[in-house]
Amino acid sequence: LKWILLGKVKPGFHGVRSVFEFRAWMVDWVATPLSSRFMSHVPSCLSIPYYKALGLDCGHDALVPFPVIGVAPSTIDLLHIEKGVFCAAVTRVIPTRWNPTAELLERTTITFEEDATIGFRCTIMGGVTIGAECRVGSMSHVHTSVPQRATVFGNPVEQPQLPMQGSRRLSSLRRPTALAAPQIQAQHPPGSAQLP
């Protein structure tokens, strides 16, 4: 039904009351209850072939819980998952943006590059690329692309700025070393009164 009514969905703008959106609504109205009933009675190993038949671009060794919340059968073509991606449960992916002033829906792609790790209950907005080997913390809201090998978290996501090893801030946080002990003893010679 999806391939007959819609074909392959491409990124772009569509009017809210356009014929395309009506056809997409019909596909979602029919396919969403069917897929939820179908997925509740079959093993999880059959979920990826089922979603690939709907148009999902998914690499091998990807561990993604299906259904991914927010991805309707009409927009699953816009989700690209490369090999080795791990996505925790209850991840919300939203490939559609709504412009209320122009009454347009923008459909954008979302890409998960190789070996990316997405934490529990993340929200990923449209037009975002999650870089290769990056890690997104739990309950994060990703609205911009994440570079490769980065670790991000928060709402909105940001990359933590860790102090460098030789920086002044890190050296001020270090404990006094054993070299400072003779200086303290020199101020209080043996036998003098010392505070406890």
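Me: What makes Phe-22 and Trp-25 sit about one helical turn apart?

Reply: This is a predicted model, and in it the two are three residues apart in helix H2 (residues 19-41), so about one helical turn separates them.

Me: Why is the pair of Phe-22 and Trp-25 called stacked?

Reply: Start with the rings: their centres are 6.0 Å apart, and pairing asks for centres within 6.5 Å. Then take the planes of Phe-22 and Trp-25, with 25° between them. Planes under 30 degrees apart count as stacked, so that is the label this pair gets.

Me: Why is Trp-29 called exposed, and what is Phe-22 called?

Reply: Trp-29 has 59% relative accessibility, and exposed means over 50%, so Trp-29 counts as exposed. Phe-22 comes in at 48%, and so does Trp-25 at 48%.

Me: What makes S6 and S7 a pair of strands?

Reply: Pairing takes at least two bridges, and strand S6 (residues 96-99) has four to S7, running antiparallel, so the two count as paired. Trp-98 stands opposite Leu-105 in S7. The two strands form a hairpin with four residues between them, and Glu-103 in the turn has a positive phi of about 55°.

Me: How do you know that S1 pairs with S7 too?

Reply: Strand S1 (residues 12-15) is also joined to S7 by four bridges, antiparallel, against a requirement of at least two, so this is a pair as well. Phe-13 has Glu-106 as its bridge partner in S7.

Me: Which residues of S7 are on its covered face, and which on the uncovered one?

Reply: Leu-105 and Arg-107 are on the covered face, while Leu-104 and Glu-106 are on the uncovered one. Side chains in a regular strand alternate between the two faces of the sheet.

Conventions:
Residues numbered from 1 in each chain as written. Predicted model: local features only at pLDDT ≥ 70, side-chain atom pairs only at ≥ 80, totals over all residues. Heavy atoms only, no water. Phe/Tyr/Trp six-rings, centres within 6.5 Å; stacked < 30°, edge-to-face > 60°. Buried < 20%, exposed > 50% of the residue type's maximum accessible area, 1.4 Å probe, protein only.
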